[in-house]
Amino acid sequence: MTNITFLGTGGGRFATIYQTRSTGGIFLDGTRRMHIDPGPGTLLRMKQLGIKPTDLDAVFISHSHPDHYTDAEVLIEAMSRGGLEKRGIVLAAESVIKGDGKFGPAISGYHCSLPEVLKILLPGDEYDLGVRVKATRSFHADFTTIGLQIFEREGMIAYVSDTELREEVIEQNMGARIIILPVTRPLGERIKGHLCTEDAAKIVEAIRPELAIFTHFGLKCIREGPNLQAEWTWKKTGIKTIAAVDSMTISMREEITASRRVGVQKR
Ligand SMILES: [Zn+2]
Ligand SMILES: [Zn+2]
């Protein structure tokens, strides 16, 4: 069974600044334990939900915006047991490690030296960490932004990261059983570099996954109601679409089920 826990479901500048929703990214507990896009609050949310950072096998950072990377260095220290063991896998966009002149680097040289594997992924690159993953191209202000596909036994999970709607985003993600879409903006509020609800619905309609999950809600989207955005999409496409909430866990087996992870705060 593969579990996907949404530590945070907020995104964009103001939802992050005000922590209207948490920005702790996604914890994937499948063949490997991987954190995806550890924004501000990740460590706090892990503590609240009883997830041990030191048990992580891998961290993925899709691009160099703070709502996706700020807690990454501490997670790297956790994976490497405080820097004492060369342990853990870091998969990241190019800007995260090298910087692109405007964004990043998001991880210091010291932290780059801690993991057992540090790998820059370009669109199309694959890596096998016990489970095969593949980077996909996203279209965002950080031009090196990548999405990630995880090929678990139960099916492929696609996370497109921050992107605007392009045909390529659809083509690359055909075959996803679950697609995770950052819907920064609500209906009628399209902005460059992000998905609004209409854009997300086009992706869902074309890919026809078993389940589409909206997350990474900006402040306007939160005010308008993430559930309304998901319901509109479900009705328009006929594909099951839900709005993630903080602490939601999606379990992928033969069936896909949703539950709320209850906090088990230890020490
Ligand atoms: Zn973002
Ligand atoms: Zn971004």
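Buried, in what follows, means under 20% relative accessible area, exposed means over 50%, and partly exposed lies in between, with a 1.4 Å probe and protein chains only. This is a predicted model, in which local features need pLDDT of at least 70 and side-chain atom pairs count only at pLDDT 80 or more, while totals for chains, interfaces and linings use all residues. Residues are numbered from 1 along each chain as its sequence is written, chains are lettered from A and ligands numbered from 1 in the order in which they are written, and side-chain values use heavy atoms, with hydrogens and water left out.

I start with the aromatic rings. Rings of Phe, Tyr and Trp (its six-membered ring) pair if their centres lie within 6.5 Å; planes under 30 degrees apart count as stacked, over 60 as edge-to-face and the rest as tilted. F14 and Y18 have ring centres 6.2 Å apart and planes at 25°, so they are stacked. Y18 is exposed at 57% relative accessible area, and F14 is partly exposed at 46%.

Last, helix α10, residues 226-237. Helices (H or I, at least four residues) and strands (E, at least two) are DSSP runs, numbered from the N terminus. This helix has 12 residues and spans 17 Å from first C-alpha to last, close to the 16 Å expected at 1.5 Å a residue; the expected span is 1.5 Å times one less than the number of residues. Which residues of α10 are buried? They are P226, Q229, A230, T233 and T237. These cover an arc of only 95° around the axis, so they sit on the same side of α10; the arc is that of the directions from the helix axis to the C-beta atoms. L228 and K235, on the other side of α10, are exposed. The buried residues of α10 pack against α8 (197-207), β13 (211-215), α9 (219-224) and β14 (241-243), where contact means heavy atoms within 4.5 Å. Just after α10, G238 has a positive phi of about 75°.
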